[in-house]
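Thanks for making time this morning.

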Amino acid sequence: MAWSASQYVKFEDERTRPARDLLAQVPLQKIRRAVDLGCGPGNSTELIIARYGAEGVSGIDSDLNMLEAARKRLPGTAFVEADLGSWQPTETADLLFANAVFQWLPDHLDIFDRLMDGLSPGGALAVQMPDNLGEPTHLLMEETAHAGPWKAAFEEKSVRRQALAPPSAYYSRLIAKAARVDIWHTIYNHPIADGAAIVEWVKGTGLMPYLAHAGEKHRQAFLADYLARVENAYPKMSDGRVLLRFPRIFMVAVKG
């Protein structure tokens, strides 16, 4: 599945806010080496550099379009193509930072366990993931998927993202190799223009596998069906905008 950096950054401020909130809870005063895992267009990498300086900071992503955008944004920073499912740092890092990427990898608990081995003593694994499968945005993707002439494709194979584990599962796995683990949820309520803006938002992330699976032939009809459902689920507020409720889970594990 190919990602679109230009689509992603349409809501860059809202997408970067969780990365900013996650970084604020990283207890490291300085770092020797930091890697932004699933760096996307470099917006989260930019935050790390702003706090710690550019030296020793790099980013990795599996998508070439995202990497191209990141390199244009931060030309002095190393951005490398890599698969997070198997990637391991070649030398220990002080900070491994991941903003909204591991929800796409069903075995991320095992990956976290491996990444902890790649930290220097006192180093931190900092992770944020959307926890929004129960929100209308994602429930309505499923409704649309099984409501139109494209539904046979979804009956043969589901594209619904796997639900996240409970906080206790993350804590139990991380504390085995950490001196301290902090886990918390934040629910953002983003005021945005209208239902069409919500569709534009998810077209850059969660809706992408649905559109790809429905196929180019059905793309516009799928979007129209989904938009109608979204507009019904998100009523306008007094100023004409809608509130996009967006829960996210955060965790920071400090290696002992």
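Ser-44 counts as buried, because its relative accessibility is 2%, and this serine lies in helix H3. Before I go further, please keep in mind that what we are looking at is a predicted model. What does the side chain of Ser-44 join in a polar contact? The partner is the side chain of Asp-36, and the contact is 2.6 Å. If we leave out residues up to four places away in sequence, Ser-44 touches Ala-19, Asp-36, Cys-39, Phe-97 and Asn-99.

One of those residues, Cys-39, is where I would like to go next. Cys-39 has its place in the loop between strand E1, residues 34–37, and helix H3, residues 43–52. Is Cys-39 buried or exposed? With a relative accessible area of 1%, Cys-39 is buried, since the cut-off for that word is under 20%. Apart from its neighbours within four places in sequence, Cys-39 is in contact with Ser-44, Thr-45, Gly-59, Ile-60, Asp-61, Leu-67 and Phe-79. Gly-59 deserves a word of its own here, as it is 20 residues from Cys-39 along the chain, while the C-alpha atoms of the two are separated by 5.4 Å.

Let me turn to a point of backbone geometry. Most residues other than glycine have a negative phi. Ala-100, however, has a positive phi of about 55°, although it is not a glycine. This alanine lies in the loop between strand E4, residues 93–99, and helix H5, residues 108–117, and at 22% relative accessibility it counts as partly exposed.

Now to helix H9, which covers residues 195–203. Why can we call this helix largely enclosed by the rest of the structure? Seven of its nine residues are buried, and that is the reason for the description. The buried residues are Gly-195, Ala-197, Ile-198, Val-199, Trp-201, Val-202 and Lys-203, so you will notice that a lysine is on the list.

How many cavities of 30 Å³ or more does the structure hold? There is one, and the largest cavity contains about 50 Å³ of space. Its lining is made up of Trp-104, Leu-133, His-138, Met-141, Val-159, Arg-161, Gly-206, Pro-209 and Tyr-210. Helix H6, residues 136–145, and helix H10, residues 208–214, are the elements that give two or more residues to that lining. Sorted by class, the lining of the largest cavity has six nonpolar residues, two polar residues and one charged residue.

Finally, let me step back to the chain as a whole, which has eleven helices and seven strands. Its radius of gyration is 19 Å, close to the 18 Å that the globule rule gives for 256 residues, so the chain is as compact as a globular protein of that length. Taken along the principal axes, the C-alpha atoms fill a box of roughly 55 × 35 × 35 Å. Of the 256 residues, 52% count as buried. Among contacts with a separation of 6 or more, 78% are between residues 24 or more positions apart.

How values were computed:
Residues numbered from 1 in each chain as written. Predicted model: local features only at pLDDT ≥ 70, side-chain atom pairs only at ≥ 80, totals over all residues. Heavy atoms only, no water. Buried < 20%, exposed > 50% of the residue type's maximum accessible area, 1.4 Å probe, protein only. Helix = DSSP H or I, 4+ residues; strand = E, 2+ residues; numbered from the N terminus. 1 Å grid on protein atoms, 1.4 Å probe; cavity = no way out; pocket = protein on both sides within 12 Å on 5 of 7 lines; lining within 4 Å. Points joined across faces, edges and corners; volume = space filled by probe spheres on them. Nonpolar A, V, L, I, M, F, W, Y, C, P; charged D, E, K, R; others polar. Rg over C-alpha atoms; globule rule 2.2 N^0.38 Å. Contact = heavy atoms within 4.5 Å. Polar contact = N/O pair within 3.5 Å; in protein donor to acceptor, adjacent residues only side chain to side chain.
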